[in-house]
Amino acid sequence: MMHHLLFCILLFPLFHIVYAREEAFAIAIPASRLQCYFVPVESANHSKLIFDYQVIYGGDLDVNVLVLNPSGSVLMQDVRKSENSHDLDVTQKGDYQVCFDNTFSSLASKTVYFAVQLLNAEGISESEEAFGMAASESYSSLTVAAETLRERLIRLRKQLDAAEHFQSSRRVYETRDRMLMESKLSRVNFWSFINLIAMITVAALQIYMVKSLFEDQSRVGQLLRRTF
């Protein structure tokens, strides 16, 4: 009975807190365009910025990527990459810029998926930190069993967040592969139709030429007999 009571006390704060999740977006970058997005850092506790991106559709599946700190200094730069993951140091508060450069492509637009997550010095996200603080306020005066259960719940939450991130990345791969296959399918269907028309045309032309060889009044037949 005591364990059930402790479990209810631990879970009670979960129904009163809205946690900040990892921010993930899928954006379209037109040809010959540069687009920037801002990541606000308002807390001095944030020391790491986890940044992942992947080009899922368009052209050769590549894009230039640039991340700037609030002072305008370059934190990282990738040139014509399809995907990458970066662990960046956050040294000051303000708006960090994440820029995607597609100016090198004059025709193809790109669809890019990217995710941003802020961590503190211990590698804990804002949602995990809020979870730990809320749980501590609820049962700080309870027994060691409650503390052990709290640690297990926090560890479970970290594992669930990691699993969610992994599933999101797998869905992005699936989306990219599906869009690539659909694009290949349309090309295969188009050229198959062209080849079919060419085969029918050549077959009809061959039948007409062979038939004209056996017709005395046919000008094509006369020309062919004179040639061969």
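Mentor: A salt bridge here is a side-chain nitrogen of Lys or Arg within 4 Å of a carboxyl oxygen of Asp or Glu. This is a predicted model, where local features need pLDDT of at least 70 and side-chain atom pairs count only at pLDDT 80 or more, while totals for chains, interfaces and linings use all residues. Residues are numbered from 1 along each chain as its sequence is written, and side-chain values use heavy atoms, with hydrogens and water left out.

Trainee: OK, how many salt bridges does the structure hold?

Mentor: It holds 3. In one of them, the side chains of Lys48 and Asp89 meet at 2.5 Å, N to O. That pair links distant parts of the chain, 41 residues apart: Lys48 is in strand E3 (residues 46-57) and Asp89 in strand E6 (residues 83-89). Strands are DSSP runs of at least two residues, helices (H or I) of at least four, numbered from the N terminus.

Trainee: Which residues are linked in a network of salt bridges?

Mentor: Asp62, Arg80 and Lys110. Asp62 meets Arg80 at 3.1 Å, N to O, and the closest N and O atoms of Lys110 and Asp62 are 3.2 Å apart.

Trainee: Is Asp62 buried or exposed?

Mentor: Asp62 is buried, because its relative accessible area is 8% and buried means under 20% (exposed is over 50%, partly exposed in between; 1.4 Å probe, protein chains only). Lys110 is buried too, whereas Arg80 is partly exposed at 44%.

Trainee: Changing topic, where does Arg225 lie?

Mentor: Arg225 lies in helix H4, residues 219-227. Its C-alpha atom is 7.0 Å from that of Leu213, 12 residues apart along the chain.
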